[in-house]
Amino acid sequence: MSRWMAWMTPWIAVLMYGCMPPEVDDAQEPGVREQALAGTEIIDFSSASTLANTDASGKSGGMAVLKANSTRCTVGAYADCYADYIEFSPSYTGYLSFKLSSLTQGTPAPSQITQLQLLTKYQGPASSTSYYKWQLYRFTTASWVDITTSQGRGDWVWTAALTLNLPGTEVASNFVSSTGEIRARLIKGAGTDGAQLDSLRLQVSWDGASTCTPETDAAFCARLGGTCGQLSGTDNCGQARTVSSCGVCQSPQTCGGGGTPNVCGQGSTCTRASFPRATTWMWDLENSAIPTNLNAQVYVVDLFNTTSAKIQEYKSAGKKVVCYFSAGSYENWRSDANQFPQDTYCSPGENCAQSIHIMGEWCESGGDCEWWLDHRKEAVRIVMAARLQLARDKGCDAVEPDNVDGYANDSSISCTDQACWGLTASDQLAYNRWLADTAHAKCLGIALKNDIDQVPQLAASFDFAINEQCQQYNECGVYKTYFASQNKAVFNAEYMRDSGGGSRSWSSCTGTQATCACGESGFVQGDMQTLVFKTSSVSYDNINFTCW
């Protein structure tokens, strides 16, 4: 059997979106105001028909098993999840049930539904060999209506994203039951080969007759579990909302003091590791084990690839350990990659393998790839909070969250289509401060990685800085003002050869062991600690010389 499963991606993953009480000012809250809700939303199915099916490989379970297995296969656009998926054999028929109550933007009445669209991805044989079709159930006549078939779609042609519209002659509300149920069915025709269905989701559109009463500030805080501090999120009507204060904590409790942001608590006595000006460092994200006798007071290592035992070994040798992870991108090779809903890194309806959110041009066909994240989504913060806890559990002294300047990347895209998110500088400031607050609540130090344009606004929230190539681009001065002058370490990395093949000679750097600035003016010894790497690869055995 051909390896048609290599194209599968996680489209069928289910998307989920002592303290004093908050002071409530009814005049400032939208609790008594109703707002119109015309909208469109994509939902996953809530249940499946029980019709089982055994395919050529002996697996069974049909639609229900497809759903369960799909939620585990969330490791990228080209992931080969062949062992997990069910092949729908000839003459198979099974349906999925969707619920209007799954919509997060309020629940419209069945009569207010204006359009239904099936979203699917598939690959299969030409219709001359075998066929399959998609249908929706018309409740008013108790009959199934054809949406489309595989007729004319080619032999084993991968369709990454297909929108199947309800025929224009049909009335969408007729396909919704009185209880808000919608049914979609797959029929696999006769033939010798199976139907390779990857996902089946439903896009629901409705008009503005439905209303939603926004919750009060107190209800918003309670629903999101916040009891103190400023809290941002999505309210019960699906709108972005920020409450300036969810309450004030009573001493000795502090907001986030127990390790959970926006919750009053008192943790154990915590003394975070310090990273003062002139601290020396070593940066190695490639090796899982490096010598303990390197000339550096701080070791920066990869959070996932470095064991707790190795971290303890470094600390026993007198090193402070900083653990690296990406806070602004989805890396499909990480062990927790399946915790990211697909809409956090790939807009609904996009071909994820060609998404505008892919970072750079370096994705490997069939292998590793990285996408920018929409860090405004609560699901992203849940994963990042878990990573910070992992750093704490492994014994890291601090963290280096990378790619925390996604707004600058997003603004470079001409956002004229629905795939763009429109991240703003304010969004980035809020997210980066949240990272710092959450790290500090877990007794971790934290570095501000790059994001050089926002250094003035963020420096006060971070314990030290890590920068790449500020000397090459003559933009290091802001670190002198906001970090070195505040007795905070500035760690700088420069490259003799970058990933694009460009090269730069560092032989003219006369500041080594003295001003240690390699061309930047206004620095004195210790203001900035520079490592110069032979290539763009970050590893201790790749350093040409150190500017300490």
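Me: Buried means under 20% relative accessible area. Why is C246 called buried in this predicted model?

Reply: The relative accessible area of C246 is 1%. The cut-off is under 20%. C246 is therefore buried.

Me: What makes C221 and C246 a disulfide?

Reply: Their sulfur atoms lie 2.0 Å apart. A pair of cysteine sulfur atoms within 2.5 Å counts as a disulfide, so C221 and C246 qualify. The torsion about the S-S bond is -80 degrees, and the link is left-handed. C221 sits in helix α2 (residues 217–223), while C246 sits in the loop between β13 (240–243) and β14 (254–255). The pair therefore ties together parts that are 25 residues apart in sequence. C221 is buried too, with a relative accessible area of 1%. By the sulfur distance rule, the count comes to 7 disulfides.

Me: How do you know that C323 and C396 are joined, and why is their disulfide called left-handed?

Reply: S to S is 2.0 Å, and the limit is within 2.5 Å. That makes C323 and C396 a disulfide. The torsion about their S-S bond is about -85 degrees, so the disulfide is left-handed. C323 lies in strand β18 (residues 320–326), and C396 lies in the loop between α4 (378–394) and β21. The parts tied together are 73 residues apart in sequence. C323 has a relative accessible area of 0% and is buried. C396, with 4%, is buried as well.

Me: What makes C346 and C352 a disulfide?

Reply: Their sulfur atoms are 2.2 Å apart. With a cut-off of within 2.5 Å, the pair passes and counts as a disulfide. This link has -105 degrees about the S-S bond and is left-handed. C346 is buried at 2% relative accessibility. C352 is buried with a relative accessible area of 4%.

Me: Why are β3 and β7 called edge strands of the open sheet?

Reply: The order of the 5 strands is β3-β4-β9-β6-β7, with antiparallel pairing. β3 (47–48) and β7 (143–149) each have a single partner strand, so one side of each is left without a neighbour in the sheet.

Me: How do you know that β6 and β7 pair?

Reply: Strand β6 (residues 132–138) and β7 share 6 bridges, in the antiparallel sense. Pairing needs at least two bridges, so β6 and β7 pair. W134 stands opposite T148 in β7.

Me: What makes strand β22 mostly covered?

Reply: In β22 (residues 445–449), 5 of its 5 residues are buried. G445, A447 and K449 point one way, and I446 and L448 the other way.

Note on methods: Residues numbered from 1 in each chain as written. Predicted model: local features only at pLDDT ≥ 70, side-chain atom pairs only at ≥ 80, totals over all residues. Heavy atoms only, no water. Helix = DSSP H or I, 4+ residues; strand = E, 2+ residues; numbered from the N terminus. Buried < 20%, exposed > 50% of the residue type's maximum accessible area, 1.4 Å probe, protein only.
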